[in-house]
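Welcome, and do keep the viewer open as you read.

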Amino acid sequence: MSDANERDAFTDDDAVARVVRSSAFAALEAGAKSCGASTAIGVLRAPAVDASDIDAVRALAHEALHVGNWCDARVEWRGVYAAATLMWVCKGGAKTRAEATRALDVALMLGGPMFEDELHRVIARVREYDGASVVGAPVAKRAKRSGVMWDASPRETAADDTVARRRDVSLEAFYRDYMAKSAASTSGERCVDDYGTPVVLQGAASHWPAIEKWRDGGYVVENIGDRTVPIEVGETYVHDAWSQKLMTVREFIDEYVDDAGEHSRDDSTKNVAYLAQHELFEQCPDLKCDIEEPMYCVLGTGGVCAVNAWFGPANTVSPAHTDPHHNLLCQVVGAKRVRLFAPSETSRMYPHDERKMANTSRVDVMHPNLEEFPDFASASFVDATLFPGDALYIPPGWWHHVRALDVSFSVSYWWD
Ligand SMILES: O=C(O)CCC(=O)C(=O)O
């Protein structure tokens, strides 16, 4: 199959027309002046615009989104990036399915919600494309590869696990005994924010199809191997050598999960990489039908605000940090070890001063420097080991440090 044939297969004038006529595009035009995007929008709107003009707008929008802090990125430039990427693919700008899928995935991540539905529609079409229709030779859509089975090493709960493990907890009991119950702080002190009590809901996710399916690397690659995702590389996000890069799931698995080699054997965290805190199921609905929102998330007032994937080799570490939501961390593949500290321990956790990092501890929990952080020595904690099918309830404000013991895939549900 030639590149030209594959490129032609993605051409979709209807989709281009839908983008330009959409209310989202009109909103972009209205806001464009205030951020210098009017010329870019004018180019996209021009009737004779071609793929190379559109690509120039994409490049401009990409630059505008990367000049300062991401949190200051203008929503208009995010919309321009998404619209331009859609139009570029649908005008035949991408030469191959891989190039088109990657561009659209990046647009989903950078583009914000404005053109999300159209992006999903076009991605589905591009991924469904089977070269057979063009040259008569079937092309493996998402090549299956021999599946490595990511089974957890046989192990038991650690003797010092102090978080209760409970089976078949009713909604009422969960609310009464864990969600609304103030845990007596583990050090005996209480602070006003101390509420909630961690618990492992044993087997709460064991009925998910994901438990059986996601152990199989072949299944994961077959379904989402071609999708581009953000990967964190390096010890943890508090280390200088830490960085983020975009890779396909297949590249990530080949390079860092199946090939973790020494790193998984010697407990080293040096060169680990982690698909962490990513709303993978929004991006890739393919895996969404393998999981189910735990019933406990109906308790509360605000509902689920984020469903995040955490996937990587053994020894990924999430440094001790807090989140402002209720959390059920559901373990799908492999085992994880979690250490939790009540909100009343906050002064002993030495949070970072910088506002953006104030929810993260400066202490390396497993190898604390007690000269620098002497009060950490008296911080009280509880421990839990999570196995496939378990869901750990982490109440808002509780510090949690998480280490993967095996190749691990977890899904967290945050709710209010
Ligand atoms: O599993 C992990 O590595 C971290 C999970 C976490 O921090 C969370 O669910 O909030």
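## Ground rules

Two residues are in contact here if their C-beta atoms, placed from the backbone, lie within 7 Å. Helices (H or I, at least four residues) and strands (E, at least two) are DSSP runs, numbered from the N terminus.

This is a predicted model, in which local features need pLDDT of at least 70, side-chain atom pairs count only at pLDDT 80 or more, and totals for chains, interfaces and linings use all residues. Residues are numbered from 1 along each chain as its sequence is written.

## Helices α4 and α6

Let us start with a helix pair. Ala 40, Ile 41 and Leu 44 of α4 are in contact with Val 80, Ala 83, Ala 84 and Met 87 of α6. Sorted by class, this contact of α4 with α6 holds seven nonpolar, no polar and no charged residues. The classes work like this: Ala, Val, Leu, Ile, Met, Phe, Trp, Tyr, Cys and Pro count as nonpolar, Asp, Glu, Lys and Arg as charged, and the others, Gly among them, as polar.

Two packed helices are described by the angle between their axes and the distance between the axes. Helix α4 covers residues 38-45 and helix α6 residues 75-90; their axes come within 11 Å and cross at roughly 25 degrees. That makes α4 roughly parallel to α6. Axes are lines fitted to C-alpha atoms, for helices over the stretch in contact, and angles run from 0 to 180 degrees between N-to-C directions. Angles under 35 degrees count as roughly parallel, over 145 as roughly antiparallel, 65 to 115 as roughly perpendicular and the rest as oblique. The crossing of α4 and α6 is left-handed, a term used if the near helix is turned anticlockwise from the far one by less than a right angle (right-handed if clockwise).

## Helices α7 and α8

Now for a second pair: helix α7 (residues 97-111) packs against helix α8 (residues 116-128) at an angle of about 160 degrees, with the axes 10 Å apart. The two helices α7 and α8 are therefore roughly antiparallel. Their crossing is left-handed.

On the α7 side, the contact involves Arg 97, Ala 100, Thr 101, Leu 104, Ala 107, Leu 108 and Gly 111. From α8 come Glu 116, Leu 119, Val 122, Ile 123, Val 126 and Arg 127. These residues of the contact of α7 with α8 divide into eight nonpolar, two polar and three charged.

## The whole chain

Stepping back, the chain has 16 helices and 13 strands. Of its 416 residues, 41% are buried. A residue is buried if 20 or more other C-beta atoms lie within 10 Å of its own, exposed if 12 or fewer, and partly exposed in between, with C-beta atoms placed from the backbone. Among contacts between residues at least 6 apart in sequence, 79% join residues at least 24 apart.

## The four-strand sheet

Strands β7-β12-β9-β10, in that order, form an open sheet with antiparallel pairing. Strands β7 (317-321) and β10 (382-386) stand at its edges with a single partner strand each, so one side of each has no neighbour in the sheet. Neighbouring strands in this sheet are turned by 15 degrees against each other on average, direction ignored.

Two strands pair if DSSP finds at least two bridges between them. Three bridges join β7 to the antiparallel strand β12 (residues 399-404), where Val 402 is the bridge partner of Ser 318.

## The nine-strand sheet and His 278

Nine strands make an open sheet of mixed pairing, in the order β1-β2-β11-β8-β13-β6-β5-β3-β4. Its edge strands, β1 (165-167) and β4 (243-248), each pair on one side only. The twist averages 25 degrees from one strand to the next. Helix α13 (residues 249-257) lies across β3, β4, β5 and β6, and runs at about 120 degrees to β4.

Two bridges join β3 (residues 228-233) to β5 (residues 273-278), and these strands run antiparallel; here Glu 232 stands opposite Tyr 274. Two bridges also join β5 to β6 (residues 304-312), again antiparallel.

His 278 stands opposite Ala 309 in β6. Leaving aside residues up to four places away in sequence, His 278 touches Val 229, Pro 230, Asn 308 and Ala 309.
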